[in-house]
Amino acid sequence: MRTLREQLSQYALYHRDQRNILTHFAGIPLIVISVFGMLSFPLFGTAVSAALVLLVLSCLYYLLLDLKFGLLMLLFSGGCFALSQQLVLLLNEQWLWGSVAVFALGWVLQFIGHYFEGKKPAFVDDLMGLLIGPLFIVAEWVFIAGFATELKQQIEADAGPVRRG
């Protein structure tokens with residue numbers, strides 16, 4: 001399993017333009033919320049949904065990757081999960097279509113960002129990018145707050161600095 005630094009550095013190679021990162025701050029949460037929403041159906045007639053299984057498994061992965069970032073991802077993912085469940089309740093019978101619409105909006109923002117970047121999304125070359133994207137924006141928030149500066153420096157040494165757009 002790749003380390004936190006390796007995962008974030010690999011993802012960062014596709015995300016060095018500040019405008020791209022900014023679109024990801026909105027696009028990725030919308031996509032995560034919508035995926036949880038689309039997976040909000042019960043499994044095998046139980047109260048457990050596919051969304052809950054995804055939440056638990058992804059958070060376990062993040063915790064195994066790094067305890068501190070895993071705990072932050074638990075907060076981020078848990079918040080997205082809670083918002084998805086509110087969306088499902090609000091839209092009632094139209095919950096699936098509403099989730100698909102939010103998903104599409106999130107991806108439009110992603111592709112606008114990658115237009116600025118001039119590079120394809122990371123998941124095209126490595127499907128792990130779909131799981132690392134949310135971790136990347138949480139890491140970017142941590143860096144903006146002035147924490148984990150050593151990790152930020154390591155990522156910039158691996159992938160290069162963020163370019164101002």
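Reader: In which helix is the place of Leu65?

Author: This is a predicted model, in which local features need pLDDT of at least 70, side-chain atom pairs count only at pLDDT 80 or more, and totals for chains, interfaces and linings use all residues. Residues are numbered from 1 along each chain as its sequence is written, and side-chain values use heavy atoms, with hydrogens and water left out. Helices (DSSP runs of H or I, at least four residues) are numbered from the N terminus. The place of Leu65 is in helix H3.

Reader: Is Leu65 buried or exposed?

Author: Buried means under 20% relative accessible area, exposed over 50%, and partly exposed in between, with a 1.4 Å probe and protein chains only. The relative accessible area of Leu65 is 11%, so Leu65 is buried.

Reader: Which residues is Leu65 in contact with, leaving aside its neighbours within four places in sequence?

Author: Contact means heavy atoms within 4.5 Å. With those neighbours left aside, the partners of Leu65 are Met1, Arg2, Thr3, Leu4, Gln7 and Leu135.

Reader: Why do the buried residues of H7 line one face of the helix?

Author: The buried residues of helix H7 (residues 149-159) are Leu151, Ile155 and Ala159. Viewed down the axis of H7, these residues fall within an arc of 50° (taken from the directions from the helix axis to the C-beta atoms), so they line one face. An α-helix has 3.6 residues a turn, so residues three or four places apart point the same way. The arc that places the buried residues of H7 on one face is therefore 50°.

Reader: Which helices do the buried residues of H7 pack against, and which residues are exposed on the other side?

Author: The buried residues of H7 pack against helix H1 (4-12), helix H4 (67-91) and helix H6 (129-144). On the other side of H7, the exposed residues are Glu150, Gln153 and Ala157.

Reader: Which element gives the largest share of the lining of the largest pocket?

Author: On a 1 Å grid over the protein atoms alone, a pocket is an open set of points with protein on both sides within 12 Å along at least five of seven lines, a cavity is a set where a 1.4 Å probe fits but cannot get out, and lining residues have an atom within 4 Å of a point. Of its 27 lining residues, the closest to the centre are Ile31, Val32, Leu130, Leu131 and Pro134. The largest share, six residues, comes from H2.

Reader: How many charged residues are in the lining of the second largest pocket?

Author: Ala, Val, Leu, Ile, Met, Phe, Trp, Tyr, Cys and Pro count as nonpolar, Asp, Glu, Lys and Arg as charged, and the others, Gly among them, as polar. The second largest pocket has a volume of about 220 Å³, and among its 13 lining residues Glu140, Ile144, Lys152, Val162 and Arg164 lie nearest its centre. Its lining has seven nonpolar residues and one polar, and the number of charged residues is five.

Reader: Which element supplies the largest share of the lining of the largest cavity?

Author: The structure holds one cavity of 30 Å³ or more, and about 70 Å³ of space lies in the largest cavity. Its lining includes Arg2, Gln7 and Ile132. The largest share, three residues, comes from H1.

Definitions and conventions
Helix = DSSP H or I, 4+ residues; strand = E, 2+ residues; numbered from the N terminus. Points joined across faces, edges and corners; volume = space filled by probe spheres on them.
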